[in-house]
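The sequence and the structure come first, and a description of the parts follows.

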Amino acid sequence: LAELSASSAALFLRQQHVGISSFARELVEDGAHRDAIGLDQRLHRFKSVNTDVAAVYVFSTSGDLLAGTTRATHTNPSEHMRDPVFRTDFEAALQRDEVIVGRTRYGKLAGDWIMPLRARATDASGTPAFVLSAVYAMGRQQGLWRDMALPAGWAIGLLRDDGYLQARYPA
């Protein structure tokens, strides 16, 4: 049961890494990240064809929210940078080529418990252009686990590579 769950999670994350990285690369190649209206349309299209995605955001390299598929509830585009968990995950995304699995948290803009996956996009010279953040609602994962028949006293969970518990069922 544990191996099946681990394999399923690994496959899901691998698929999302490919999709997010490819989408970020397309936004740079098309120049869509420089066009607010075009960027907004592309983000909504990406979300509509990726049904596991609850929301998608693009942040400047300084952390300003440039665009997203949910309406901002604040007027300061960098307000979220005061959150130490967001800042840590964001800075990790800027430093690495691979997609970063952020800590599970309550997403104010998404209105649900979320797991963000963040990818740095670079321009042709390799300079970071922006960070793409695809947000996944954890309720969907919990729904999949609810259908599992676990032995009495057992639980199933999802751990990050640093040992942080992302999700657990039963909670």
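## Strand β5 and its partners

Strands β5 and β6 run antiparallel and are joined by 9 bridges. Strands are DSSP runs of E with at least two residues, helices are DSSP runs of H or I with at least four residues, and both are numbered from the N terminus. Two strands count as paired if DSSP finds at least two bridges between them. Within this pairing, Ile114 stands opposite Ala137 in β6. The hairpin of β5 and β6 has 5 residues between the strands, and Gly126 in that hairpin takes a positive phi near 90°.

Strand β4 (residues 105–107) pairs with β5 in the antiparallel sense over 3 bridges, and Arg105 stands opposite Ile114 in β5. Strand β3 (residues 100–101) also pairs with β5 in the antiparallel sense, over 2 bridges; here Ile100 has Arg118 in β5 as its bridge partner. β5 is mostly covered, with 8 of its 11 residues buried. Buried means under 20% relative accessible area, exposed means over 50%, and partly exposed lies in between (1.4 Å probe, protein chains only).

## Basis of the model

This is a predicted model, in which local features need pLDDT of at least 70 and side-chain atom pairs count only at pLDDT 80 or more, while totals for chains, interfaces and linings use all residues. Residues are numbered from 1 along each chain as its sequence is written, and side-chain values use heavy atoms, with hydrogens and water left out.

## The whole protein

The protein has 4 helices and 8 strands. From the N terminus on, its elements follow the order α-α-β-β-α-β-β-β-β-α-β-β. Of the 171 residues in the protein, 40% are buried.

Among the contacts with a separation of 6 or more, 47% are between residues 24 or more positions apart. A contact means heavy atoms within 4.5 Å.

## Nonpolar cores

In soluble globular proteins, nonpolar side chains tend to be buried together. A nonpolar core is a set of buried Ala, Val, Leu, Ile, Met, Phe, Trp, Tyr and Cys residues joined through side-chain atoms within 4.5 Å. The largest one has 27 residues, of which Ile20, Leu27, Leu43, Val58, Leu117, Phe130 and Leu132 touch the most other members. Two or more residues come from each of α1 (2–30), α2 (36–49), β1 (53–59), β5 (112–122) and β6 (128–137). The largest share, 6 residues, is from α1.

Apart from this core lies another, of 14 residues, including Tyr57, Met81, Ala93 and Val135. As for Leu27, and not counting residues up to four places away in sequence, it touches Ala32, His33, Leu39, Arg42, Val58 and Phe130.

Arg120 is found in strand β5 and is buried, with a relative accessible area of 18%. Its side chain reaches the backbone oxygen of Leu94 at 3.0 Å. Leaving aside neighbours within four places in sequence, Arg120 is in contact with Ala93, Leu94, Gln95, Arg96, Asp97, Pro128 and Phe130.

Ala92 is found in helix α3 (residues 84–95). The relative accessible area of Ala92 is 19%, so this residue is buried. Ala92 and Ala119 are 27 residues apart in sequence, and their C-alpha atoms are 9.5 Å apart in space.

## Aromatic pairs

The whole structure holds 6 aromatic pairs. Rings of Phe, Tyr and Trp (its six-membered ring) pair if their centres lie within 6.5 Å; planes under 30 degrees apart count as stacked, over 60 as edge-to-face and the rest as tilted. The rings of Phe59 and Phe90 are edge-to-face because their planes are at 80°, with the centres 6.2 Å apart. Phe59 lies in strand β1 and Phe90 in helix α3, so this pair ties together parts that are 31 residues apart in sequence. Phe59 counts as buried at 5% relative accessibility, and Phe90 is buried with a relative accessible area of 1%.

Tyr106 and Trp113 form another edge-to-face aromatic pair, 5.9 Å centre to centre with 75° between the planes. Tyr106 counts as partly exposed, at 44% relative accessibility. Ring pairs also link Tyr57, Phe59, Phe86 and Phe90 into a cluster.

Technical notes
Polar contact = N/O pair within 3.5 Å; in protein donor to acceptor, adjacent residues only side chain to side chain.
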